[in-house]
Amino acid sequence: MDHLDRYREIVPDYAAFRAVQCIPLYNSARINTLKIEPEKLLERLREEGVLFQSFEWYHLGLKLDAESPGKLLENLLGQIHIQEELSMVPPLVLDPQPGECVLDMCASPGSKTTQIAQMMQNKGLVIANEPSLARVAPLRSNCERLGVLNVAVTRYDGRNFPRGSFDRVLVDAPCSSEGRERRGPGVLARCSRERSLDLKALQVSLLKNALRLTRAGGVVVYSTCTYAPEENELVVQEAIGESGDSGAFRLEKVRIPGLKECPGITEWNGERLKDELSATARYYPHVNDTGGFYVAKIIKN
Amino acid sequence: MSPRSSRIRNVFEPLDRSIVAKLWQERFGISEQAFSSCRFFRKANSIWAIGDVDLPALSYEAIGMRIISCKDRPWKPTTSALQVFGRYATKNAMNLNKQEAMIFLEGGSQVIESGCDAGYVVVFYRGDILGCGLYSHGKLISQLPKERRIEKHYQEQ
Ligand SMILES: C[S@@+](CC[C@H](N)C(=O)[O-])C[C@H]1O[C@@H](n2cnc3c(N)ncnc32)[C@H](O)[C@@H]1O
C-alpha cells in the first residue's frame, strides 16, 4: 500500500483515497440490449428478488446485490454481462457507430468488445485482437453468450497488428492494475515504478501502432485501470508526441455526464508534461465509489 | 455439403447462405430471410456466421459466432446460434415449465411429451430460448455447454 504514496501529490483528498482501498467493490453488470429490452430485464430481476440499482450515469449499468451474479440465469442467457462500473467508460468515450469498422486491440475477456458490439447494434465489424491463446477462449465464449454477430477474433501482438484503416481503435492496455485493489486485494503489492516503466514501453508501442491503424479523422481511445502516470499521461505524450508537433493528433476532452473525473496531470516528478494532457481523465475510487481508471481520447487529424 | 478442403486445410472458407439456410429450413422451418444479413464460413467441422460485411485481409482465429457443428450426423446447432435464430423456428421447438426448465438448465435429461421429431430442438422457457436440446425416445436431453448451466438443485427423472 505504501506504493500509493508516490501519488500523494496528484490525488485529491489523499487520505480518503487510501481509506477506500480496503473497502470491497460491489458487483456490477451491463444490460445486453442485443438480447433483452432494459425494462424487461429489470422486471425479471424484480420478480426474482434480486436487488439492484441503476448507475446514475449509464442506464445500462447496474449495481447488483447478489453473491454470485455470474450464476444468475440472466447472465447464463447473455441478457446481462458482469462488468466493472468504470470498465463501461472507455467504449462510451470511443462512441462507435453502427456500420463502422472498429479495432479492439487488447480484447480479452471481451467486456468492452461486447459493449462496443452492442453499441453498434450488431452491425459493422469489430476486430477483437488478443494474442494470448488461453485468453481467446473466454473472449469467444462471452461474444457467443451475448449473441454478438459483428466480431471477428485475431491473435496478433498488438505492436505488430499488420494493417487497417479503422474508424475507431480501443487500446485497453495491459497495465499494473492499481485501480483493481478494491476488487482483488494484494494487487498493489506487485506494483512498482520499475514495473510501470516496463509496461510503458509496451503501452507506447501499442498506442503508436493503434494511431497508425486509424483512418484520418478517426478516434483512438487509450485506457488503463491504473494510476501510474508512467502508464498513462507519459504513454499518451510519447505516442502522440513525435508527430504531435505537426498537429497530426489532438486530444479531446474526456467527460461522462454524471461521473466525476479529475483532469490528466501536466506535471510529474518535477517534469513538465504537455498541457493538453489535462483533457484526459483520471477516475479515482473515492470520488465516485468505484475502482480506478484512466482514459484518453485521441483524434487523428 | 461443402468443400472438403476446409476440413483438411483448417482455414475459413466462405459457404453459400442457401446451403446453411436449407439446413435450418428443413429442421426448424426457419426461412432463409432470417439469415439475410449474415455471411457464413466453414472451418474444420464447424460453420460460422457473421454480419454481412467484407472482412479485411487478416489471419482470423474466429469469425463471428460458431453456429453449427458437423462433427457428427445429424448436424448440431449451437446453443448460441439457437438463442439468436431459434425464435424464427416454426417446428421442433418446445416450451418448458419452470421445473422442466431448471432440469434442462442443470444439463439433465427428462421425459417430455412432445410432437417434435427426434433430433435437435429449440428449447423455450417463458419466452427466452434456453438453448439446444436433443429429443430422443420421448426424452429431452440438455445440450447446454457446461459453462452455460446452472448448479444442480433437482434430481434427474
Ligand atoms: C486490460 S486487459 C483487456 C480487458 C478487455 N479489454 C476487457 O474489457 O474485457 C489487457 C489484455 O491485453 C492483452 N495483451 C497483452 N500483451 C498484449 C500485446 N502485446 N498486444 C495486444 N494485447 C496484449 C492481455 O492478454 C490482456 O488480455
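Which residue forms a salt bridge with A:Asp289? The partner is A:Arg182, and the closest N and O atoms of the two are 2.8 Å apart. A salt bridge here is a side-chain nitrogen of Lys or Arg within 4 Å of a carboxyl oxygen of Asp or Glu.

Before going further, a word on what you are looking at. This is a predicted model, in which local features need pLDDT of at least 70, side-chain atom pairs count only at pLDDT 80 or more, and totals for chains, interfaces and linings use all residues. Residues are numbered from 1 along each chain as its sequence is written, chains are lettered from A and ligands numbered from 1 in the order in which they are written, and side-chain values use heavy atoms, with hydrogens and water left out.

Let us return to chain A. The pair A:Asp289 and A:Arg182 forms a salt bridge that links distant parts of the chain, 107 residues apart: A:Asp289 sits in the loop between α9 (285-288) and β15 (293-300), and A:Arg182 in the loop between β8 (166-172) and α7 (193-212) of chain A. Helices (H or I, at least four residues) and strands (E, at least two) are DSSP runs, numbered from the N terminus. A:Arg182 is buried, with a relative accessible area of 5%, while A:Asp289 is partly exposed at 34%. Buried means under 20% relative accessible area, exposed over 50%, and partly exposed in between (1.4 Å probe, protein chains only).

Strand β15 takes part in another such link. A:Lys297 and A:Glu252 meet in a salt bridge (3.3 Å, N to O). A:Lys297 lies in strand β15 and A:Glu252 in strand β10 (residues 249-252) of chain A, so the pair ties together parts that are 45 residues apart in sequence. A:Lys297 is buried at 12% relative accessibility, and A:Glu252 is partly exposed at 30%.

Now move to chain B and find helix α2, residues 17-28. The expected span of a helix is 1.5 Å times one less than its number of residues. For the 12 residues of this helix that gives 16 Å, and the end C-alpha atoms are 16 Å apart, which agrees. Its buried residues are B:Val20, B:Ala21, B:Leu23, B:Trp24, B:Arg27 and B:Phe28. Just after the helix, B:Gly29 takes a positive phi of about 65 degrees.

Stepping back, chain B is divided into domain 1 (1-90) and domain 2 (92-157), with bounds from an automatic or database domain assignment. Their centres, taken over C-alpha atoms, are separated by 23 Å. The contact (heavy atoms within 4.5 Å) takes 13 residues from domain 1 and 17 residues from domain 2 of chain B. Across this interface the rule finds zero salt bridges.

Finally, how do chains A and B meet? The area buried between them is about 2,500 Å², of which carbon and sulfur atoms give 59%. Buried area is the accessible area (1.4 Å probe) that two parts lose on being put together, summed over both. B:Leu58, B:Glu61 and B:Arg126 supply 23% of the area that chain B buries against chain A, more than any other three residues. Four salt bridges are found across this interface. B:Arg126 forms a salt bridge with A:Glu48, the closest N and O atoms being 3.3 Å apart, and both belong to a network of salt bridges that also includes A:Arg44, A:Glu74 and B:Asp128.
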